[in-house]
Amino acid sequence: MQDLVGPALGTLAAVAVGGYLLGSIPFGVLLTRAAGAGDVRKIGSGNIGATNVLRTGRKDLALATLLLDAGKGAVALLIARQLFGSEVAGAIAGGAAFLGHLFPVWLGYKGGKGVATFFGLLIAAAWPLGLMAGATWLIVASVLRYSSLAALVASVAAPLYALLPLPVLGLPAEQPIVVLAAFTAVLIWIRHHENIGRLLKGAEPRIGAAKKA
């Protein structure tokens, strides 16, 4: 029994470390610096995600950041799942990549808010789940015009969608995916605490609204 447990634990630890290091790559910072657009951490909200990269005026950099931030979580999950044939390994790698994005060691543990990485993870874990969460974001954002609120609602909805009895869509999802969806949802709410405060005060800017001087 000890021979079986030891390698398994060591493998999962290695998967977690690898996922974290991949997720902690700050693409927003690297791309803006390489393009001569300055340090994104000194622009707008100071966030390293695609929304703040867009404030540099470079839509191409913002799109690249969005895709890369989404992709790094997906890649971590898919590689671990393929190598070890395990949803548990995939979920651990994906969750660790998500942590890496939020708390990258290279940037003093001050990272993004994880929305793009969240959706990338869901699509890689179970694409119907990712599409349903994405549709939820679009509906809330279109109706209420709050990007942060849309992310918060979609994150809460994701683990609930994962439990729906919809066999034709591959749902309910396997338990590690449900746990991953719930884990990332909690972290998204934690990272959006300032947005939540502004939403409660009615001070959160709407999508497309001109920023006050």
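## Charge and surface

Let's start with charge: the protein carries 17 positive and 8 negative charges, and their mean positions sit 15 Å apart. Lys and Arg count as positive and Asp and Glu as negative, with His and the chain ends not counted; each charge is placed at NZ of Lys, CZ of Arg, CG of Asp or CD of Glu.

This is a predicted model, where local features need pLDDT of at least 70, side-chain atom pairs count only at pLDDT 80 or more, and totals for chains, interfaces and linings use all residues. Residues are numbered from 1 along each chain as its sequence is written, and side-chain values use heavy atoms, leaving out hydrogens and water.

## Overall build

You're looking at 10 helices and zero strands (DSSP runs: H or I of at least four residues for helices, E of at least two for strands, numbered from the N terminus). The C-alpha trace spans about 65 × 40 × 30 Å along its principal axes. Buried residues (under 20% relative accessible area, 1.4 Å probe, protein chains only) make up 43% of the 213 residues.

## Nonpolar cores

A nonpolar core here is a set of buried Ala, Val, Leu, Ile, Met, Phe, Trp, Tyr and Cys residues joined through side-chain atoms within 4.5 Å. The largest has 28 residues, and F98, F118 and L122 touch the most other members. Helices 4 (59–84), 5 (87–102), 6 (115–125), 7 (127–144), 8 (147–162) and 9 (175–191) each give two or more residues to this core. Apart from it lies another core of seven residues, including I48, V53, A62 and L107.

Leaving aside residues up to four places away in sequence, F118 touches F98, A154, S155, A158, A181, T184 and I188 (contact means heavy atoms within 4.5 Å).

Methods
Buried means under 20% relative accessible area, exposed over 50%, partly exposed in between (1.4 Å probe, protein chains only).
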